[in-house]
Every structure is written in structure tokens, then in C-alpha cells.
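Trainee: I have not looked at this structure before. Can we go through the terms used for it and check each one against its definition?

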Amino acid sequence: MESTRRDFLKTVGGAIIATSAVGSSLALAQTTKSTDKPSEETATAIRGHELPPLPYAFNALEPYIDAQTMELHHDKHHAAYVKGLNLAESELAKARATGDYSLIQHWSRQAAFHGGGHFLHTLFWRIMAPYGKGGGGQPSGMLADGIQANFGNFELFMAHFAAAAQAVEGSGWGILAYRKTDQRLAILQVENHHKLSQMFITPILCFDVWEHAYYLKYQNRRADYIKAWWNVVNWPKVEANLQAAM
Ligand code: MN3
């Protein structure tokens with residue numbers, strides 16, 4: 001067993017070196033060998049992050065979010081975060097393999113930034129839907145109950161969330177998260193993709209207020225973008241996220 005583990009680590013170490021170039025990808029991932037029983041070793045096999053496809057067409061969120069913004073945002077910006085995360089993780093893996101941790105602070109920061117960017121964008125695409133086809137309206141069920149219990153009512157929640165998103169300093173996100181520790185919903189302002197985050201939270205709704213998310217259509221009018229965005233929020237999906245987080 002011990003030698004198997006050593007062989008595995010050696011293999012992973014080899015993979016680290018072999019895939020350390022830009023664009024390579026390393027990540028903690030589930031086992032991919034369907035014939036093998038999952039084990040501690042295979043459960044930590046290394047695999048890259050990939051850009052997930054948009055769940056709808058670039059123009060699906062018109063007129064609230066324009067097609068050109070969606071295309072650039074997904075194909076260029078999100079893709080860059082995936083690439084950045086893969087690079088950071090491969091460099092960290094290289095550091096483990098070589099024992100050279102001289103750039104540990106740099107690559108840890110890069111992993112936090114690009115990892116936050118990748119995972120938040122992945123959530124962002126999925127909590128939106130075309131207006132009238134999943135997008136817009138109001139939350140119901142468990143999510144509506146949670147919003148009422150934590151914020152008073154939906155209008156108060158919207159006002160709080162919009163104010164938080166509006167006031168994010170520079171680039172960042174408004175986030176609605178479930179905090180398992182005390183079973184509360186919380187609204188967060190996140191700068192960049194990771195700063196001002198709280199520990200022990202699971203984002204269930206996130207709203208990109210980087211200028212790349214709205215500048216082509218709204219220029220500097222972030223407030224107008226926020227107001228329009230409510231029309232494409234997919235509340236049933238947000239509720240499903242809450243249930244999954246609980
Ligand atoms: Mn973005």
C-alpha cells in the first residue's frame with residue numbers, strides 16, 4: 001500500500017513537472033477512472049480547470065446585458081481566470097516538487113484571485129436566465145423564507161444588495177451567501193474576486209460589478225446596470241443553490 005502511494009505521488013510529481021507550462025491545468029479533482037474504486041490517492045489526482053460553456057446564447061440576456069459584453073466577458077475574461085488559476089496551481093505544485101517556495105506568496109495570491117474569478121463567474125452565468133424564461137420575478141419557497149427571516153422582506157433585501165453592489169470600491173462583486181456556521185444568509189461586498197470575503201460561507205448568488213461586466217452598455221452607470229440585472233436573476237436556481245449549500 002505504501003509503495004503504491006509512493007508510486008502515485010511520484011507519478012503526480014512527474015505530472016506536475018510535465019504540465020507546469022502556461023495553460024496547463026492542475027487541480028484537485030474527483031477520480032476519473034471509472035473502473036477503479038475511489039481511494040484516498042485517486043481522489044486527489046490532479047486535473048486542470050476548464051472554462052464551462054455558457055448555459056445560453058450570448059444574446060439571451062438582451063436587452064439587460066448585451067451580447068457583445070457577454071461574449072467578451074465569458075470568452076476572454078472568464079477564460080483568463082481559468083488560465084491564471086491553472087498556472088498558479090501548477091506553479092504551487094512545482095514548488096512542492098522542488099521544495100523552492102521563494103514565490104509562495106505570489107502564487108498563493110494568484111490562486112486566490114484567479115480561483116475566485118473562475119468560481120464566481122461559473123456561478124454568475126448559472127444564476128442568470130433570459131427574462132421571462134427563468135429570469136426575473138421574485139424568489140419563492142425556502143429562499144423567500146430565508147430572505148424574509150434574514151433581511152425583513154424581499155424589497156429590503158434588494159435595497160441592501162443593490163447598495164452593497166453599488167458601493168463596491170473599484171472592481172468586485174455583490175454576493176448573497178449561506179453561512180452554515182450559524183445558518184444565516186449574508187450579503188457581502190467582495191473586492192476583486194476574493195477580498196473582504198468571509199470564511200465558512202457558500203455564495204448562492206453573485207453579481208459581477210467589474211466594469212467589464214457592464215461598461216459597453218452602461219458606461220459608468222453602475223446603478224442602471226444593477227437595476228436592469230434583477231430582470232435576469234434566476235431565482236429558482238438560487239434557491240437550488242441554497243438547498244445544496246444547506
Ligand atoms: Mn467578470
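Mentor: Start with a definition: a charge sits over a ring if NZ of Lys or CZ of Arg is within 6 Å of the ring centre and within 35 degrees of the ring normal. Keep in mind that this is a predicted model.

Trainee: What makes Lys 217 a charge that sits over the ring of Tyr 218?

Mentor: The charged end of Lys 217 is 5.8 Å from the centre of the ring of Tyr 218. The limit is 6 Å, so the distance meets the definition. Tyr 218 also belongs to an aromatic cluster, with Phe 207, Tyr 214 and Trp 229 among the other members.

Trainee: Why is the pair of Phe 124 and Trp 125 called tilted?

Mentor: The structure holds 21 aromatic pairs. In this one the ring centres of Phe 124 and Trp 125 are 5.5 Å apart, within the 6.5 Å limit, so the rings pair. Phe 124 and Trp 125 are both buried.

Trainee: Are His 121 and Asp 208 buried or exposed?

Mentor: His 121 is buried, and Asp 208 is buried too. Over the whole protein, 45% of the 246 residues count as buried.

Trainee: What makes Lys 94 and Glu 91 a salt bridge?

Mentor: Side chains of opposite charge can pair when their charged atoms come close. Here N and O are 3.4 Å apart, and the cut-off is 4 Å, so the pair of Lys 94 and Glu 91 qualifies. Both residues lie in helix H3 (residues 67–98), three residues apart, about one turn of the helix.

Trainee: Why is Glu 91 called buried, and why is Lys 94 called partly exposed?

Mentor: Glu 91 has a relative accessible area of 16%, under the 20% cut-off, so Glu 91 is buried. Lys 94 has 27%, which falls between 20% and 50%, so Lys 94 counts as partly exposed.

Trainee: How many salt bridges does the structure hold?

Mentor: The structure holds three. Another one joins the side chains of Arg 179 and Asp 182, at 2.9 Å from N to O. Arg 221 and Asp 224 also form one, with their closest N and O atoms 2.9 Å apart.

Trainee: Why do Asp 182, Arg 221 and Asp 224 count as partly exposed?

Mentor: Asp 182 is at 34% relative accessibility, which lies between the 20% and 50% cut-offs, so the term applies. Arg 221 is at 37%, in that range, so the term applies there as well. Asp 224, at 37%, counts as partly exposed for that reason too.

Trainee: What is the order of the elements from the N terminus on?

Mentor: They run α-α-α-α-α-α-β-β-β-α-α-α. That gives nine helices and three strands.

How values were computed:
Residues numbered from 1 in each chain as written. Predicted model: local features only at pLDDT ≥ 70, side-chain atom pairs only at ≥ 80, totals over all residues. Heavy atoms only, no water. Buried < 20%, exposed > 50% of the residue type's maximum accessible area, 1.4 Å probe, protein only. Phe/Tyr/Trp six-rings, centres within 6.5 Å; stacked < 30°, edge-to-face > 60°. Helix = DSSP H or I, 4+ residues; strand = E, 2+ residues; numbered from the N terminus.
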